[in-house]
Amino acid sequence: MMLVVSDTGDGMDEQTRSHIFEPFFTTKDPGNGTGLGLSTVYGIVRQSGGRIRVESRPGLGTTFRIYLPEAGPPQPQGPAAAEPATADAGGHKTVLVVEDEEVVRTLVARVLRQRGYTVLEAPSADQAVALLRSRRNDIDLLLTDVVLPGMGGHQLVELVSHECPQTAALCMSGYDADSVGDKHAGGQGAELLKKPFTPESLSRKVRETLDVRVRPN
């Protein structure tokens, strides 16, 4: 299967095009982008067995061609295959995803919904706080980027730990824990999921974080 996405923007020269899938590479002004959107897309496509081709010239826009393998025929549903439970099944859990990069937020939300989670989305910490306070008893996990406009992810985790102690927290970042300068990147013992990550590593870390929160002391 091939998915084609094109625009009629400024396009890119060969040097820019050669770096676009590198983590943290961006042509935006400082503070307006993390450079992680395309690297995350690239990682997910490659993990799925696909590939991406880019065609772009200055003044002529850009075209992305995403090639994905065809799905195999449906597997017969024998007694063993009929078991509905899986290691990362979402069940009735609700996850709040806080990420200012829309493409990353959309991909993360899609992966989690496919695994059975109810997903709420917020592009900023301020909107996340509003959701948390209005639905404080409904949100099981806060999944937040560390670098956000305004209040950072680590501050958001600390606020949640005080106002919604029943809500687990997981941070995600393209930086390692030493670079962001706070233990486990989120404060209050929140774990760090490194970008770019695969759908499998994302769902596994979310499941582990939720399991730890419900485990008796």
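## The sheet

Strands β4 and β6 (residues 141-145) run parallel and are joined by four bridges; strands here are DSSP E runs of at least two residues, helices are H or I runs of at least four, and both are numbered from the N terminus. Within this pairing, V98 has T144 of β6 as its bridge partner. Two strands count as paired if DSSP finds at least two bridges between them.

Zoom out and you get an open, parallel-paired sheet of five strands in the order β5-β4-β6-β7-β8. β5 and β8 (191-194) sit at the edges, each pairing on one side only. From one strand to the next, the twist averages 25°. Helix α3 (residues 102-114) packs on the sheet, where it touches β4, β5 and β6, and its direction makes about 170° with that of β5. Axes are lines fitted to C-alpha atoms (for helices, over the stretch in contact), with angles between N-to-C directions running from 0 to 180 degrees.

## About the model

This is a predicted model, with pLDDT of at least 70 needed for local features and 80 or more for side-chain atom pairs, while totals for chains, interfaces and linings use all residues. Numbering starts from 1 along each chain as its sequence is written, and side-chain values use heavy atoms, leaving out hydrogens and water.

## The cores

The largest nonpolar core has 21 residues, and L96, V98, L132, L142 and L156 have the most contacts inside it. At least two residues each come from β4 (94-98), β5 (118-122), α4 (125-134), α5 (153-163) and β7 (168-173). Such a core is a set of buried Ala, Val, Leu, Ile, Met, Phe, Trp, Tyr and Cys residues joined through side-chain atoms within 4.5 Å; buried means under 20% relative accessible area with a 1.4 Å probe, protein chains only.

Beyond its neighbours within four places in sequence, L132 is in contact (heavy atoms within 4.5 Å) with L96, I139, L156, V160 and C164.

Definitions and conventions. Buried < 20%, exposed > 50% of the residue type's maximum accessible area, 1.4 Å probe, protein only.
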